[in-house]
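Open the model in your viewer and keep the sequence panel beside it. The stops below each begin with something to select.

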Amino acid sequence: MRPAFALAILMVITFLGSSSPGSGAAMVQSPPGTSQAEPRAGMWRPWVLTSGRQLRVPAPPDRSATAAEIKQLQGLVSERQTAALDQIAFWNTGAPSHRWNEMTLDTALKNNLNGHFAWRALAFVHVAIYDATIAAWSAKYTYRRPRPSEVDASLTTVLPNPQSPSYPSEHAVAAGAASTMLAYLFPGDAKLFADKANEQIRSRLVAGVEYPSDVTAGLELGRAVAARVIERAKTDGSDARWDGAMPTGPGYWNGTNPILPMAGTWKTWVLASGSELRPGPPPAHDSPQMAAEMAELRNYQRTPKTIADAFFWEYAVGGLKGYWYWNEQLTKKILEYRLEANPPRVARAYAIGSIASYDATVACWDAKYAYWQIRPFQLDPAFRPLFPTPNHPSYPAAHGCVSSAVAAAIAYLFPRDAQTLNGLADQAAESRIWAGIHYRTDVVAGLALGRAVAQRIIDVAKRDGSR
């Protein structure tokens, strides 16, 4: 493809993608040129920083230095060949956090992280991006630096100018925050993340929509925010060691090597602790209620559909891929609601969704290892579930806890899809009955706990200044 033709196609596609209006409770997006993207976002409440003003970047360069930077950008026009245009298009897809969200998922999957550590990683990455974005927006609307082509109309751009002041760069703060956070979480890939950050910020310079000083300041700001998030990560208790003590006797889970028995003690974001919303105890193993719930599992008549659905929620969604599935639901809504041109709103959505999932996981594991409830196949050795039971206590059901929490959080952000999202959570939880690996009480308690966690996060979100 000839460079000029590739450039023309990219400009048309990008203009159409960024100018289409959308609606939704999360934000009503306006076409370029008609409004600024969240000019008050610098006053939203961050998660780790005390405010968006805590890490103020210095003032942007003066008029003379700005003119020199524009000459630098004009000198990069010759680099707009096919490979560079592909990089620009790649990094301009979605909000600045979009590709970093994908990289976090890919890296978690590559490293075979279970849901606990994957949601932890996603929460830290997205909190870092969100707080850095809020700090950037505070500076943007303090300095109000025009975009390069707004200062010098002779500078052609590959992309339409984003609807916010130029300094500091929103892409660079996301790159600095995410690459630093990911390098801490996955040190073996630190160089890869640094290279990707450089790719992202280079793409904005070649596109002509940001100054070199914008990306320098943004990268430094993102790294500074991530450093504060890393300090929190170092003390969240995720490295706690289990002493091996577990109750014995009738009614208690009796397996070996239980999965992460200390995860219920990890530091939470919104809950005071994992035990704050701990449900009451499950039915006694020899109670009439437990006998009735065991009978429900024995007598359940599986159909081809319930068998397929149970396998889907266990192997396509559960275990290693649960975080992938629910994150994908959130990403779909962000794109469907056309929020790509609103970096603060997208960063907020990812932070809320990942925090809901993480806190729900911690709360669920607190309850599991508070009660050590026996699994159905252990209570009745003659009973055969559809597939092997996960190696942790039964009460409450993890699929119910995590699915209901993240679904409710996403439903808060995108309420016209609430029925569908909450219905998916219900199906995820119910599938554990179809498979025979949880009692009815486990499912009911899991759904209730996850939604209670989500409500705590929603209450915080309602007071974060974004409304």
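Select helix α7, residues 170-185, together with helix α8, residues 190-207. In this predicted model, the two helices pack with their axes 9 Å apart, at an angle of about 175 degrees. Angles over 145 degrees count as roughly antiparallel, so α7 and α8 are roughly antiparallel to each other.

Now show the side chains where the two helices meet. On the α7 side, pick H171, A172, A175, S179, L182 and A183. Their partners in α8 are A190, F193, A194, A197, Q200, I201 and R204. Sorted by class, the contact of α7 with α8 has nine nonpolar residues, three polar ones and one charged one.

Next, select W100. Which residues have the most contacts inside the largest nonpolar core? They are W100 and M181, in a core of 111 residues. Helix α5, residues 115-143, gives the most to this core, with 18 residues.

Stay on W100 and display what surrounds this residue. Beyond its neighbours within four places in sequence, W100 is in contact with W91, I129, A174, A175, A178, S179, L182, F193, K196, A197 and Q200.

Then move to F383, I433, V443 and L447, which are among the residues of a second, separate core. That core has 11 residues.

Last, select the cysteines C364 and C401. Are they buried or exposed? C364 is buried, with a relative accessible area of 0%, and C401 is buried, also with a value of 0%. A disulfide is a covalent bond between the sulfur atoms of two cysteines. This structure holds zero disulfides.

Conventions:
Residues are numbered from 1 along each chain as its sequence is written. This is a predicted model: local features need pLDDT of at least 70, side-chain atom pairs count only at pLDDT 80 or more; totals for chains, interfaces and linings use all residues. Side-chain values use heavy atoms; hydrogens and water are left out. A disulfide is a pair of cysteine sulfur atoms within 2.5 Å. Buried means under 20% relative accessible area, exposed over 50%, partly exposed in between (1.4 Å probe, protein chains only). Axes are lines fitted to C-alpha atoms, for helices over the stretch in contact, and angles run from 0 to 180 degrees between N-to-C directions. Helices (H or I, at least four residues) and strands (E, at least two) are DSSP runs, numbered from the N terminus. Angles under 35 degrees count as roughly parallel, over 145 as roughly antiparallel, 65 to 115 as roughly perpendicular and the rest as oblique. Contact means heavy atoms within 4.5 Å. Ala, Val, Leu, Ile, Met, Phe, Trp, Tyr, Cys and Pro count as nonpolar, Asp, Glu, Lys and Arg as charged, and the others, Gly among them, as polar. A nonpolar core is a set of buried Ala, Val, Leu, Ile, Met, Phe, Trp, Tyr and Cys residues joined through side-chain atoms within 4.5 Å.
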